[in-house]
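Hi there,

Here is the structure I promised to pass on to you. Have a look at it first, and then read on for my notes.

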Amino acid sequence: MLSSLFPGKSHREIAHQILNIFMIVTSAFMSWKALSVITNSESPIVVVLSESMEPAFHRGDLLFLTLPKQEPFVVGDIVVYKIKGQDIPIVHRVLKIHKENGEDFILTKGDNNSVDDRALYNKDQLWIKKSDIIGKVKGFLPYIGYVTIVMSDYPKLKYAVLALLIILMFFEKEEN
Amino acid sequence: MYSFYNRGSTLLNFLCTVLPALLICLALTSPILLKKSNPEVNINIENVYMKKFSSAFKPVNEKEAIMFTKYIYHYPYRNAPRGDMALMDFDLDADLTSVFNWNVKELFVYLVYEFQKPKQEFNQVVIWDYIITDKKDAHIKGKNIESKYLVTALDNKLKGVQGNLTLYWDIIPNTGLLIQKSKGNVVVPITKIESY
């Protein structure tokens with residue numbers, strides 16, 4: 001059946017192409033996870049989705065995060081946090097920190113927002129803790145992430161690009 | 001041999017090697033250029049206003065009304081608890097012009113009040129911040145600037161707190177690593193809290 005889809009190719013060639021695609025997918029996944037282990041952050045690279053940190057970060061900018069175990073949080077750090085029960089991670093700056101018995105009580109605020117983030121936290125929540133934080137912003141690369149915003153805004157485009165990539169991979173001729 | 005697909009692929013390949021290399025070079029110049037900078041910072045405290053908030057709190061002047069509003073905003077969707085708050089007026093003369101170089105997109109300048117308490121060993125509160133995106137605006141000179149954010153404590157008690165005021169700035173690059181620096185130090189005691 002497969003050979004009728006790809007005329008002029010042997011079964012071995014088709015199997016080779018399929019394995020190649022799996023190789024690309026798994027190595028991408030492996031490097032992502034390796035980066036995650038090195039930086040100690042569950043999501044070491046994030047794309048800015050909101051305008052709350054303008055003019056420092058715009059929509060589509062790429063941020064590189066780390067979360068070293070020994071490094072304490074200080075005021076002014078830009079952190080990415082996720083409130084329990086909410087899906088979307090937020091990139092904001094630390095406005096207040098109080099430490100009691102080694103535990104951090106952190107309040108954040110977006111540079112472009114007029115008030116602090118308590119309105120974004122859960123109803124009974126005044127502070128965020130270390131466990132809510134995914135990482136500290138350490139590096140910055142502009143615009144690159146805009147591709148992913150376009151992709152998630154137009155899901156059809158995402159599938160079209162994926163399909164095109166797979167088709168191209170199949171019809172790629174190896175020149176030795 | 002030289003199909004449209006091949007040419008496109010070569011061009012993309014070239015772009016994907018040269019552009020990152022250039023960006024890395026740009027990012028690497030940042031720390032070197034920053035070493036040459038010599039920022040000057042002078043902080044002077046004009047006034048410290050201290051109040052205890054309670055639901056019976058009636059502001060009697062403009063300053064107290066500002067503090068009242070800020071305190072209420074600090075507790076959305078709920079009644080604000082009783083607690084101490086402090087607001088400061090300060091003079092600032094900070095020349096950060098030399099910090100600017102070609103890989104600086106923005107300076108986020110902020111004043112931090114840092115204090116210790118018997119139970120909370122480490123407390124940091126931002127009292128004022130300022131965004132600079134142009135080298136021409138990098139010399140901040142202000143008299144009697146009112147702080148934007150209140151000083152508050154985790155247990156809502158500020159009596160007898162002796163803190164330090166320091167100017168920090170966060171350098172956001174065009175591309176590369178974010179860098180945090182600080183300078184200047186003034187001791188600001190919060191001596192008495194008027195209660196109602």
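To start with a question: which residue forms a salt bridge with A:Lys138? The partner is A:Glu71, and the closest N and O atoms of the two are 3.2 Å apart. By salt bridge I mean a side-chain nitrogen of Lys or Arg within 4 Å of a carboxyl oxygen of Asp or Glu.

Before going further, please keep in mind that this is a predicted model, in which local features need pLDDT of at least 70 and side-chain atom pairs count only at pLDDT 80 or more, while totals for chains, interfaces and linings use all residues; side-chain values use heavy atoms, with hydrogens and water left out. Residues are numbered from 1 along each chain as its sequence is written, with chains lettered from A and ligands numbered from 1 in the order in which they are written.

**Salt bridges**

Back to that pair. Over all chains, the count comes to 17 salt bridges.

Chain B has some of its own. B:Asp91 pairs with B:Lys143, with the closest N and O atoms 3.7 Å apart. This pair links strand β2 of chain B, where B:Asp91 sits, to strand β5, which holds B:Lys143, 52 residues apart. B:Asp91 is buried, at 6% relative accessibility, whereas B:Lys143 is exposed, at 69%.

B:Lys117 and B:Asp155 also meet in a salt bridge, at 2.6 Å from N to O. B:Lys117 is in the loop between β3 and β4 of chain B and B:Asp155 in the loop between β5 and β6, so parts that are 38 residues apart in sequence are tied together. B:Lys117 is buried, with a relative accessible area of 13%, and B:Asp155 is partly exposed, with 29%.

**Cores and a surface patch**

The largest nonpolar core has 38 residues, and B:Leu107, B:Tyr113 and B:Ile127 have the most contacts inside it. A nonpolar core is a set of buried Ala, Val, Leu, Ile, Met, Phe, Trp, Tyr and Cys residues joined through side-chain atoms within 4.5 Å. Strands of chain B that each supply at least two residues of this core include β1 (40–53), β2 (83–95), β3 (106–115) and β4 (120–132). Apart from it lies another core, of 24 residues, and among them are A:Tyr81, A:Ile97, B:Phe108 and B:Tyr149.

On the surface, A:Tyr154, A:Leu157, A:Val161 and A:Leu165 form a nonpolar patch with about 360 Å² of accessible area together. A patch of this kind takes residues with over 30% relative accessible area and no salt bridge, nonpolar side chains (Val, Leu, Ile, Met, Phe, Trp, Tyr) being joined within 5 Å and, in charged patches, like charges within 9 Å; the areas come from the Shrake-Rupley method with a 1.4 Å probe, and for residues only the protein chains shown count as cover. A:Tyr154 is in the loop between α3 (146–153) and α4 (155–171) of chain A, and is exposed at 53%.

**Backbone details**

Most residues other than glycine have a negative phi, and most peptide bonds are trans. A cis peptide bond joins A:Glu54 and A:Pro55, with omega about -5°; A:Pro55 is in the loop between β1 and β2 of chain A. B:Tyr77 has a positive phi, near 60°, and is exposed at 61%. B:Asn156 has a positive phi of about 65°, but is buried at 17%.

**Confidence**

Chain B averages a pLDDT (the predictor's confidence in each residue, from 0 to 100) of 90, and 97% of the residues score at least 70.

Best wishes

Note on methods: Buried means under 20% relative accessible area, exposed over 50%, partly exposed in between (1.4 Å probe, protein chains only). Helices (H or I, at least four residues) and strands (E, at least two) are DSSP runs, numbered from the N terminus.
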